Amino acid sequence: MSLAVSLRRALLALLSGAIFILTVLYWNQGTIKTQAYNEALERHPSHRDASAFPIPVEKSWTYKCENDRCMRVGHHGKSGKRVSFISCSMTCGDINIWPHPTHKHVLSPHTHSFSVDDVQLQVDTTHREVRKQLQTVFDWFLKDLRQIQRLDYAGSGSEPAVSESSSSKSRRHTQQDSEPAATLFGATFGAKQAGDLSSVQVKIAVHKSGDLNFSLDNDESYYLTSNTDGHRLLVEITANSYFGARHGLSTLQQLIWFDDEDRLLHTYASSKVKDAPKFRYRGLMLDTSRHFFSVEAIKRTIMAMGLAKLNRFHWHLTDAQSFPYISRYYPELAEHGAYSESETYTEQDVREVAEFAKIYGVQVIPEIDAPAHAGNGWDWGPKRGMGELAMCINQQPWSFYCGEPPCGQLNPKNNHTYLILQRLYEELLQQTGPTDLFHLGGDEVNLDCWAQYFNDTDLRGMWCDFMLQAMARLKVANNGVAPKHVAVWSSALTNTKCLPNSQFAVQVWGGSTWQENYDLLDNGYNVIFSHVDAWYLDCGFGSWRATGEAACAPYRTWQNVYKHRPWERMRLDKRRKKQVLGGEVCMWTEQVDENQLDNRLWPRSAALAERLWTDPSDDHDMDVVPPEVFRRISLFRNRLVELGIRAEALFPKYCAQNPGECI
């Protein structure tokens, strides 16, 4: 009897255990599905599933290096190891990074394989804030490597948190840290494939400057070395500042590639790169008034800028078409000027963009264009007892009063106008951080607009007075200190010499052969070149109006951008060349919205990046781009695509697979 009872109890226990196990498995299945669904929702928009990766695996071809060129060879049904195009490209010929280093570089012909989980960081600096910033940067570096390796980012969300805890996690990132995730993955899909390196130890040393504020005097040089010690790769980036170290990390990222044959990351067994930029200001301007662009699109642009070592994001925030910025002091500007409630930028948005940009070594330079290009958003003054803040708003016929519709120009004789500008400058400086350069706008003032109201006044002098008043308000907004460089757009008025050349720099947007280029330099101004005939990326898409000129033409190819060397064609002497701070590509957005942004900017903006970082000579031919440049920019374009940038194609894919045959 007792035996039967014992058996029944044992059977009940076994049955209960089986039910418990089945219940746990059922609920875990639901949890895993829910977690996967949530992660898919949170994933960064530029990160796509590995199964839909934009660069397909090319199993049909293998490549061999002959005379510094990768030759495509059929691999249909053949046994033996296939050499992928990227592995051949990175080990055949000159260094394959963009922009090309300005000083010496040496690469080993031998390579090693590894996984992103093997990468570790060591920061060597006495500057606490620099250490913290570099640890944050390394989180993003790992995120990008995971994307390159076709892996999902192993974080709580789509982006690494910019915080001390995230930084500490980065510093402690070792193989042991990633074992739980790897174990779960391995249990489900098979063990993680290991490379021939057990670890990649990245040491970043910054001993000289602890400054994290952007300045045209920042030392952006760096020295990168790597060596193999057994199964460890030791990488060291030495720089005098955070900014140089950041560029060194961008170079390291381009010395790493994904091989689709073994599905691992690869890099050189040893390397040396010594590098520094030729020009201090290497910019990209985006107009967010004619069309609105999301914070995500702006951050995606900045990420690509960082990889190309562009260092200034000129944010043309407002214009006559719209005023998308929600001011703390004057929210009426956006209430009356934004396209919609959802097409606006908050203070937190601007601050978030600026903090993100610093991670990629990019400064955000906001611009509230004034006194012209200011219409919609400025029409509420009389209701607040502040008088007319702007004139000619939406006035017709528009061609009499502005360069393109809609019209609008600030009132130069209303003190409230200057107070509003002062408050806007104050807000934007607080959100983007200390700077030695600020942009006031100042272009395309239509004197006929003002003449309707002030026909007895020296209108040219009125523009000068306006800009000097705006400069004075900027100084107040910046705690009583005027930025070292205050930029304005070039116009017929900038040649009046009323603005002191010791404080004002001029962004020259006119034609590269115009006399103003020489006059401004002769008058002692520092300049930033943005010539419409070379570095305006919105040109060449036809007219957007039924009548009149509404477009510049022709299309500026990446070769046009790359070959433009105004300082050489102008035959500037050493003194005048020192007045050239650098250059900037401009994207005005009459015919561009978020759907076209990536392919209008990239890889043409990268062509400017190498022109301003490296400034390669034109000894062979001033109008022909060397074949090796085609090869490198094609590979850089693929790197952008890997990171989710929808960059424009350069030529048929056959030409990419067969370097040199189409050029």
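## The largest nonpolar core

Of the 165 residues in the largest nonpolar core, five touch the most other members: Ile302, Phe313, Trp378, Leu440 and Trp602. A nonpolar core here is a set of buried Ala, Val, Leu, Ile, Met, Phe, Trp, Tyr and Cys residues joined through side-chain atoms within 4.5 Å. Buried means under 20% relative accessible area, exposed means over 50%, and partly exposed lies in between (1.4 Å probe, protein chains only).

Helix α12 (residues 459–477) gives the most to this core, with ten residues. Both domain 2 (94–151 + 196–275) and domain 3 (281–415 + 429–464 + 483–619) give residues to the core, so it lies between them. The domain bounds come from an automatic or database domain assignment. Helices (H or I, at least four residues) and strands (E, at least two) are DSSP runs, numbered from the N terminus. In soluble globular proteins, nonpolar side chains tend to be buried together.

## Basis of the model

This is a predicted model: local features need pLDDT of at least 70, side-chain atom pairs count only at pLDDT 80 or more, and totals for chains, interfaces and linings use all residues. Residues are numbered from 1 along each chain as its sequence is written, and side-chain values use heavy atoms, with hydrogens and water left out.

## Disulfides

A search of the whole structure finds seven disulfides. A disulfide is a pair of cysteine sulfur atoms within 2.5 Å. One of them joins cysteine 65 to cysteine 92, with an S to S distance of 2.0 Å. This link is right-handed, with 75° about the S-S bond. It ties together distant parts of the chain, 27 residues apart: cysteine 65 is in strand β1 (residues 61–66), and cysteine 92 is in the loop between α2 (85–91) and β3 (105–107). Cysteine 65 is partly exposed at 40% relative accessibility, whereas cysteine 92 is buried at 2%.

Cysteine 402 and cysteine 407 also pair, their sulfur atoms 2.0 Å apart. Their link is left-handed, at -70° about the S-S bond. Cysteine 402 is buried at 14%, and cysteine 407 is buried at 0%. Cysteine 655 and cysteine 662 form another disulfide, with sulfur atoms 2.1 Å apart. That link is left-handed, at -90°. Cysteine 655 is buried at 11%, while cysteine 662 is partly exposed at 41%. Cysteine 586 is in no disulfide; the nearest cysteine sulfur, that of cysteine 539, is 9.7 Å away. Cysteine 586 is buried, at 0%.

## The second largest pocket

The second largest pocket has a volume of about 750 Å³. Of its 34 lining residues, Gly403, Glu404, Glu444, Trp509 and Glu590 are the closest to its centre. The lining has 17 nonpolar, seven polar and ten charged residues. Ala, Val, Leu, Ile, Met, Phe, Trp, Tyr, Cys and Pro count as nonpolar, Asp, Glu, Lys and Arg as charged, and the others, Gly among them, as polar.

On a 1 Å grid over the protein atoms alone, a pocket is an open set of points with protein on both sides within 12 Å along at least five of seven lines; lining residues have an atom within 4 Å of a point. Points are joined across faces, edges and corners, and the volume is the space filled by probe spheres (1.4 Å probe) set on them.

## Backbone details

Glutamate 444 has a positive phi near 50°, though it is not a glycine. It sits in the loop between β17 (437–441) and α11 (447–451). Tryptophan 602 and proline 603 are joined by a cis peptide bond, with omega about 5°.
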